[in-house]
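Have a look at the model first.

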Amino acid sequence: MVVQCNRLDRGFQKYQRQFEESALRVLQSGCYILGNELRAFETEFAEYLGCGSCVGVGNGLEALQIAFYVLGIGAGDEVIVPGNTYIASALGIALNGAVPVFAEPDNCYNIDAEDVEKKITAGTKAILVVHLYGQPVCMDEILKIADAYGLKVVEDCAQAHGAEYKGKKVGTFGDIGCFSFYPTKNLGAFGDAGALVTDKQELAEKARTYRNYGSRVKYYNEMVGINSRLDELQAALLRVRLMHLEELTEERIRLAEYYAGGLKNDQFLLPVVRDEVRHVWHQYVVRVKNRDLIQNKLSEKGIQTMIHYPVPPHLADAFKYLGYKQGDLPESEKAAKEVLSLPFYNGMLKEEQDYVIDIINNLKRL
């Protein structure tokens with residue numbers, strides 16, 4: 001048997017008729033940018049999250065870039081960001097000329113509040129939290145620190161659509177929440193797409209202007225903006241997926257529980273789930289010594305896995321200018337050498353999970 005790490009075709013097939021009807025509706029409308037589908041999706045997604053405004057943009061990275069821009073964070077300002085995340089989180093800071101300052105993760109792979117406080121300097125202007133793999137950060141601790149030091153808070157929710165901390169959805173705690181709708185996400189489009197959300201109307205209006213060449217009225221440009229617009233086709237398709245997001249999330253929770261109950265190989269450290277959170281399981285990430293060797297053994301048995309992520313951002317060539325070196329963030333670096341994402345996706349069959357579990361449980365110590 002071959003078990004792919006991710007499959008998107010089954011997600012399409014489940015709601016194929018609705019996707020096709022929505023796509024055809026847009027194609028027949030003659031309106032493809034900044035139209036009714038986008039406005040409807042923005043309203044529906046804001047209502048789903050329980051926040052004031054949603055602004056659809058081109059992708060998750062641009063959501064982050066725009067968020068820091070509208071917050072007035074720019075050249076030389078420092079933003080504390082997880083050392084254990086996808087590099088896009090830090091790029092959104094750097095694209096504004098600000099400086100990413102990396103902090104270590106806790107045992108759930110999210111940013112550690114104690115290390116955040118240690119990294120604060122006179123130049124710190126904001127904290128970027130990332131709800132990694134679908135599990136919320138402990139926002140009470142982060143908000144307490146931000147309030148004490150007068151810092152802005154931005155949430156990277158690219159992997160955590162519908163995740164909750166103490167009954168409140170992520171993206172609604174800080175000044176701005178940023179989402180990616182890349183096709184593999186829990187709420188995935190059929191191409192690049194993103195959004196930012198906020199309860200502050202002035203930030204939403206500034207973001208809408210900035211995303212559209214700095215213009216609210218066509219040909220009248222108020223600022224030096226960019227072109228980052230969630231198009232009508234993607235908005236319409238996202239509306240379909242959003243209608244089913246709760247059932248899709250419950251399916252992912254069941255899949256994660258099945259792994260947790262079935263995996264019995266002590267070489268594999270299973271995910272830790274916090275109290276008082278709703279983990280939405282963007283990935284099912286285990287941790288294992290001799291990771292590369294074990295990944296190869298699983299591949300030989302037809303089990304495809306991925307590494308999220310093999311290079312921590314502070315060691316990426318793109319950030320050499322920051323002066324970080326090997327050993328500066330030992331916990332982030334250790335995670336990068338040990339994490340392994342097992343096959344996990346909506347539509348995954350019981351026999352596929354059983355096969356993965358059986359192979360892992362019978363894998364000899366390496």
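How do the residues lining the second largest pocket divide into nonpolar, polar and charged? They split into 5 nonpolar, 4 polar and 8 charged. Here Ala, Val, Leu, Ile, Met, Phe, Trp, Tyr, Cys and Pro count as nonpolar, Asp, Glu, Lys and Arg as charged, and the others, Gly among them, as polar.

This is a predicted model, where local features need pLDDT of at least 70, side-chain atom pairs count only at pLDDT 80 or more, and totals for chains, interfaces and linings use all residues. Residues are numbered from 1 along each chain as its sequence is written, and side-chain values use heavy atoms, with hydrogens and water left out.

**Pockets**

- The second largest pocket has a volume of about 390 Å³ (the space filled by probe spheres set on grid points, which are joined across faces, edges and corners).
- Of its 17 lining residues, L34, N212, S215, R216 and R229 are the closest to the centre.
- Helix 3 (36–49), helix 8 (201–211) and strand 10 (215–217) each give two or more residues to that lining, and helix 8 has the largest share with 4 residues.
- The largest pocket holds about 620 Å³ of space, and of its 32 lining residues the closest to the centre are Y86, S180, Y182, K185 and Y309.
- Its lining has 17 nonpolar, 12 polar and 3 charged residues.
- For these terms, on a 1 Å grid over the protein atoms alone, a pocket is an open set of points with protein on both sides within 12 Å along at least five of seven lines; a cavity is a set where a 1.4 Å probe fits but cannot get out; lining residues have an atom within 4 Å of a point.

**Cavities**

- There are 2 cavities of 30 Å³ or more.
- The largest cavity has about 80 Å³ of space, and its lining includes C108, Y133, H279 and W281.
- That lining divides into 8 nonpolar, 3 polar and no charged residues.
- The second largest cavity, about 30 Å³, is lined by G83, N84, T85, Y309, V311 and P312.

- An open sheet of 3 strands runs in the order 7-6-13, with antiparallel pairing (strands are DSSP E runs of at least two residues, helices H or I runs of at least four, numbered from the N terminus; two strands pair if DSSP finds at least two bridges between them).
- Strand 7 (168–169) and strand 13 (277–278) are at the edges with a single partner strand each, so one side of each has no neighbour in the sheet.
- Strand 6 (residues 164–165) pairs with strand 7 over 2 bridges, and Y165 stands opposite K168.
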